[in-house]
Amino acid sequence: MSHGIQLRALPYDHPDAVKLNDQVQLEYQARYGGEGDVTPLDPAMFAPPSGLYLLAYDASGTPMASGGWRSQDENDEGYADGDAELKRMYVVPEARGLGLARRILAELEADARAAGRTRMVLETGDQQPEAIALYLSSGYTPSAKFGHYRHYDSSRCMAKPLLP
């Protein structure tokens with residue numbers, strides 16, 4: 001069904017990426033209250049080869065979904081050397097169920113693996129059951145908590161080895 005959907009690598013601060021990021025923040029606010037995801041992100045974090053940011057466009061050139069990965073190494077937030085962290089996985093409501101998230105996820109995993117990363121990690125929350133289901137069905141398993149929200153009860157961290 002994802003005919004005419006095209007994935008494009010773009011900078012994290014590209015206007016279309018910013019537009020989708022604003023939408024995902026509103027969704028986080030609606031689901032969790034508060035101010036959305038306040039994890040500090042810098043566009044340079046997603047610059048290849050130490051990251052990648054993808055947008056999915058429909059045939060008319062409308063951005064429908066986003067996702068990125070950034071390199072992480074061992075630090076006091078619970079990451080490990082060789083980690084690639086998934087960020088900003090988002091599909092606009094009208095494009096859900098088309099497999100866009102799965103496509104972006106597969107592309108990001110392949111890219112991180114090619115860049116020499118050994119594990120993909122992500123943090124989601126208990127108010128995003130669709131996301132949790134996607135990741136479980138894609139081979140992710142619950143992991144020790146890491147990152148900005150590691151002390152929150154609603155936080156759910158998952159990981160998947162990126163085997164060569």
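Is Asp-73 buried, partly exposed or exposed? In this predicted model, Asp-73 has a relative accessibility of 37% and counts as partly exposed. The side chain of Asp-73 meets that of Arg-117 in a salt bridge, with 3.5 Å from N to O. Arg-117 lies in the loop between helix 2 and strand 5 (119–125), and Asp-73 in the loop between strand 3 (63–72) and strand 4, so the pair ties together parts that are 44 residues apart in sequence. Arg-117 counts as buried, at 15% relative accessibility.

Eleven salt bridges are found in a search of the whole structure. One of them joins the side chains of Glu-27 and Arg-96 at 2.9 Å, N to O. Glu-27 belongs to helix 1, whereas Arg-96 is in the loop between strand 4 (83–91) and helix 2 (100–114), 69 residues apart. Glu-27 is buried, with a relative accessible area of 19%, and Arg-96 is partly exposed at 37%. A further salt bridge is formed by Glu-130 and Arg-31, with the closest N and O atoms 3.0 Å apart. This pair links helix 3 (residues 129–137), which holds Glu-130, to helix 1, which holds Arg-31, across 99 residues. Glu-27, Arg-31, Arg-96 and Glu-130 are linked in a network of salt bridges.

The search for cavities of 30 Å³ or more finds one in the whole structure. The largest cavity has a volume of about 50 Å³. Its lining includes Thr-39, Arg-70, Glu-123 and Tyr-149. By class, three nonpolar, three polar and four charged residues make up the lining of the largest cavity.

How values were computed: Residues are numbered from 1 along each chain as its sequence is written. This is a predicted model: local features need pLDDT of at least 70, side-chain atom pairs count only at pLDDT 80 or more; totals for chains, interfaces and linings use all residues. Side-chain values use heavy atoms; hydrogens and water are left out. On a 1 Å grid over the protein atoms alone, a cavity is a set of points where a 1.4 Å probe fits but cannot get out, and a pocket is an open set with protein on both sides within 12 Å along at least five of seven lines; lining residues have an atom within 4 Å of a point. Grid points are joined across faces, edges and corners, and a volume is the space filled by probe spheres set on the points. Ala, Val, Leu, Ile, Met, Phe, Trp, Tyr, Cys and Pro count as nonpolar, Asp, Glu, Lys and Arg as charged, and the others, Gly among them, as polar. A salt bridge is a side-chain nitrogen of Lys or Arg within 4 Å of a carboxyl oxygen of Asp or Glu. Helices (H or I, at least four residues) and strands (E, at least two) are DSSP runs, numbered from the N terminus. Buried means under 20% relative accessible area, exposed over 50%, partly exposed in between (1.4 Å probe, protein chains only).
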